[in-house]
Structures are given as C-alpha cells and as structure tokens.
Amino acid sequence: MPTLLIRHARLVVTMDAQRREIDDGAVFVRDNVIEAVGPTRDLPATADDVIDARDHVVIPGLVNTHHHMFQTLTRACVQDNELFGWLRGLYPLWAKLTPEMVGVSTQTAMAELLLSGCTTSSDHLYIYPGAVQLDDSIEAAAQIGMRFHAARGSMSVGESQGGLPPDRVVEREDHILRDTQRVIERWHDPARFAMQRIVVAPCSPFSVSRELMRDSAVLARSFGAAHGVSLHTHLAENEFDVAYTREKFNCTPAEYAESLGWVGPDVWCAHCVKLDAAGIALFARTGTGVAHCPCSNMRLASGIAPVRAMRAAGVSVGIGVDGSASNDAGHMLGEVRMAMLLQRVAGGPVQGPSALSAREALELATLGGAKVLGRDDIGALAPGMAADIVCVPLDGIGMTGAQHDPLAALLFCHVPKVAHSIVNGRVVVRGGELTTLELPRLVAQHNALAGELRLKSFRF
C-alpha cells in the first residue's frame, strides 16, 4: 500500500481526544488511513510521497455540512431580498437547470471548497427540472475526488397548494420517494471511510407536505441504523419561516420536526437561526444536529444563529457555507472565521470576545461537522482516522506578525488559500493547484453555462 508523509510542519493541529498541537509535527499515512501522528523525529523518515510542511499549519480536513452547489451558477443574483423574496426571484432560473449544469456546478463548488480547506461536503440538491438527477452531482464529485454526502432534496407543495415554490418546479411525492430509494440503493456506502453517502432531504416546511416529511423519515430509517442513511432539512431559518410554520401547522418549527419524527442523531437541520430555547433543549436531548451558515444568514438578513447557546446546551453544531447564491462564496476557512467573529456580537449566555474562540470555531468545522454528518472516521488527525489532511501556508503577507499562534492566525488574519489537500489519502490539491481537474477549463465552462442559464430563463 502506498505511503504518504507530511513532515516538519510548523504546527500539527490534531483535534484528537487530547487536542494535541504538535510543533515540528508530522503525519504518516498508509493507503487511505492515518497510521501515526507526532513530532517529526518520532515518525518514519521517508515514504512513497513526502510533503515538506515547513511554515505550514496542518489541520484535519474541514467538513461542510450544508451547501447547494448548483447555485454557483446564480451568484450575485437577487441581491437585496430576504429568504422568501430571494427564492421567488431564483426559482425561474433554477427551473432551467440541465444535467450538465448540475455536474459542472458541483465540480466548481467542490474546487472552491478543496482550495479553502474542505475535504468532506454535504450538498442539498432539491430541484430536478427536466432530466436532472442526483446522479449528475454524484458522478461529478467522484471525478474531482471529494468526500461527499449527497442529499436527495425535494419540493412537493407548490403555490397552488399554499407552498412557496412555483408549481412547475415541484415533484410528485410518490416519485420523490421512489427515486430517493433508488439513489440510496445505488450509491449509499455505509462502510467506514466511505467516499459517498446519501441523505434523505425534503427541502423545508414551506415546500413539502407533512406526509412527505414523515414518509421520508420512515424510508431513511427502514435501511437500519447500521446503514447510516441520514435526514436533513432547512428549519427556523428566519422569522417568516417561523410564521409560516405557526400559521400552517399551529406549532413552532422544532415542535413540527418532533411531531414528524425529525429529531435524533440521524437528523441535522440547516440554519436554525430562530430556534427558541425549547427547540434548543429538544435538539440537545435528542442529539439532533445543526448546520450553522453565518454568511448566508447575514446576506439574507435572517439573523445570527444562537450557536453559543446551542453549544452550552449540548447541541451538535457544524459549519455550512450554504448555497453559492446566498453566500455568495464557498470558502470554508472564511466561513469558519465568520462564525467565530459573528458569535462575538450575537449575545446569549456568553457575550463579547470570549463567545467563540479560534480553537472552538475550528472544532465546529472538524469534529463538529463530522458528528453532525454521523461520522466517527473524519474530523481529527489520529491513528485509525481517514487521511483527510490540509496544509495551510503561514508565509504570506497576511500572516505576518502572528507566528506565535499559527492556529489562531488561520482565523484571525487574512484568509489563506491552502497549499495541499489530501482526501482519503489522495493528494487532490498540491502546491495550491488542483490535481484532479483542469481548473481554468472548468471555470470557463461554468461561466458559459451560467450565461446560458440566464438566457434560457429570460426566454421562458
């Protein structure tokens, strides 16, 4: 089996049980698994592939818990609306998506993530016009080499039934359930170190019925706990979202989720900006997770999620960049930085500059994300863990003056581009360049398709 050695790192941040931070550290990998982590002097002197990490911080690959990768095609659109108005403005564009657009946008989003420290990502694809299938994004992810949790999203309640999306972009519920079962049976890998898993993911309370929510949970759990099919949705994103749930279902979003079986360690919800104290207690008690998306929440003026209160209560929280039409970026290290800074002005049980430290923020994006996705094989650098490793350079001008605390420099200072990203033992970014795809060609193809999508939408 091939071996990989990362050595002489300025600092290795393990996120292991002891939270070790190792000066002049090294990581030794055999095949796709970490075999040893420690001071360079204590590890093997050579390997099949050796990366010199002098002047680098080595961290576990970051875990992105919420995204809509197709939205890279519609960045900087509908610029000044809250969630519902933003969605109404974009549904007509998304209704013209093609399989090629989904595949190319998936790779574009993943390239941005990989170049910013992310090695595992969930993606929530909830609109399926024409011949589009979840398979389009799954196959694209396999080509670029990212660890992927593909969420089979869905919308079934259109405007004529009191929902938000136009009728032309919703699907029949029997088809949704059949196709969701199909992709689970074809693509889901429950094994340790799996590169591909499927998530059951009705979009939101304002775009699917009670029955679809309930039946989706039953379907996911019919495969058994050992199979690890998770559940994901949007919840309590802003005040209008909460008002819709109260008016339509006569309860809070958290009560709605609980009534339909949508709580438990196999469930995580995106945003939860307006999750109240009772909802936080419910999530903590049941092990339900949250994907915190700070930049999107600010862009749409949804508010600041009570992450400090969630963590104090024991809720599992990860970081999500959210869709690249509401962020409008997918820079994972940048998202972690924003999460750290935003909690300092959020108020709550701990207020001010101590509300979230750099180390706590990095933990959200590593161990926190792994737990939210239901994984115990990623998120830390330790023997027996997946070889998902990121090397971030410290020699740029934006890092000067912060060499005394390299970990903090990653989040307090200029947000850097990573030097190397290893996913499942494979070097997919080396020297700051993707090794699996030709990035300039991908960018050109993506820009052409984005223009085509706008033209098609204007003709509708």
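In this briefing, a residue is buried when its relative accessible area is under 20%, exposed when over 50%, and partly exposed in between, using a 1.4 Å probe and protein chains only. By that rule Tyr126, at 3% relative accessibility, counts as buried. You are looking at a predicted model, so local features need pLDDT of at least 70 and side-chain atom pairs count only at pLDDT 80 or more, while totals for chains, interfaces and linings use all residues. Residues are numbered from 1 along each chain as its sequence is written, and side-chain values use heavy atoms, with hydrogens and water left out. Helices (H or I, at least four residues) and strands (E, at least two) are DSSP runs, numbered from the N terminus.

**Aromatic contacts**

- A search of the whole structure turns up 9 aromatic pairs; rings of Phe, Tyr and Trp (its six-membered ring) pair if their centres lie within 6.5 Å, with planes under 30 degrees apart counted as stacked, over 60 as edge-to-face and the rest as tilted.
- Phe70 and Tyr126 make an edge-to-face pair, because their ring centres are 5.7 Å apart and their planes stand at 85°.
- This pair links distant parts of the chain, 56 residues apart: Phe70 is in the loop between strand E6 (62–64) and helix H1 (83–94), and Tyr126 is in the loop between strand E7 (118–125) and helix H3 (134–144).
- Phe70 is buried too, with a relative accessible area of 2%.
- Trp86 and Trp94 are also edge-to-face, at 5.7 Å centre to centre and 70° between the planes, and both of these residues are buried.
- One aromatic cluster takes in Phe70, Trp86, Tyr91, Trp94 and Tyr126.
- Elsewhere, Arg152 lies over the face of Tyr128, at 4.0 Å from the ring centre (a charge sits over a ring if NZ of Lys or CZ of Arg is within 6 Å of the ring centre and within 35 degrees of the ring normal).

- H1 has 12 residues and reaches 16 Å from its first C-alpha to its last, close to the 16 Å expected at 1.5 Å a residue (the expected span is 1.5 Å times one less than the number of residues).
- Since 9 of its 12 residues are buried, H1 is largely enclosed by the rest of the structure; among the buried ones are Leu83, Leu87, Tyr91 and Trp94.
- Helix H11 (residues 332–343) also has 12 residues and reaches 17 Å from its first C-alpha to its last, close to the 16 Å expected.
- H11 is mostly covered, with 9 of its 12 residues buried, including Met332, Val336, Ala339 and Met340.

**Cavity and pockets**

- The search finds 1 cavity of 30 Å³ or more; on a 1 Å grid over the protein atoms alone, a cavity is a set of points where a 1.4 Å probe fits but cannot get out, a pocket is an open set with protein on both sides within 12 Å along at least five of seven lines, and lining residues have an atom within 4 Å of a point.
- The largest cavity has a volume of about 100 Å³, a volume being the space filled by probe spheres set on grid points joined across faces, edges and corners.
- Of the 14 residues lining the largest cavity, His68, Leu83, Leu87, His234 and Glu237 lie nearest its centre, and H1 gives the most to the lining, with 3 residues.
- The largest pocket holds about 370 Å³ of space; 18 residues line this pocket, and Ala225, Gly228, Val229, Asp266 and Gly374 are the closest to its centre.
- The second largest pocket has a volume of about 170 Å³, and helix H12 supplies the largest share of its lining, 5 residues.

**Backbone details**

- The peptide bond from Asn327 to Asp328 is cis, with omega near 0°, and Asp328 lies in the loop between E13 and H11.
- Asp322 is found in the loop between E13 and H11 and has a positive phi of about 60° although it is not a glycine.
- His271, in strand E11 (residues 267–271), has a positive phi of about 80° although it is not a glycine, and is buried at a relative accessible area of 0%.
- For context, most residues other than glycine have a negative phi, and most peptide bonds are trans.
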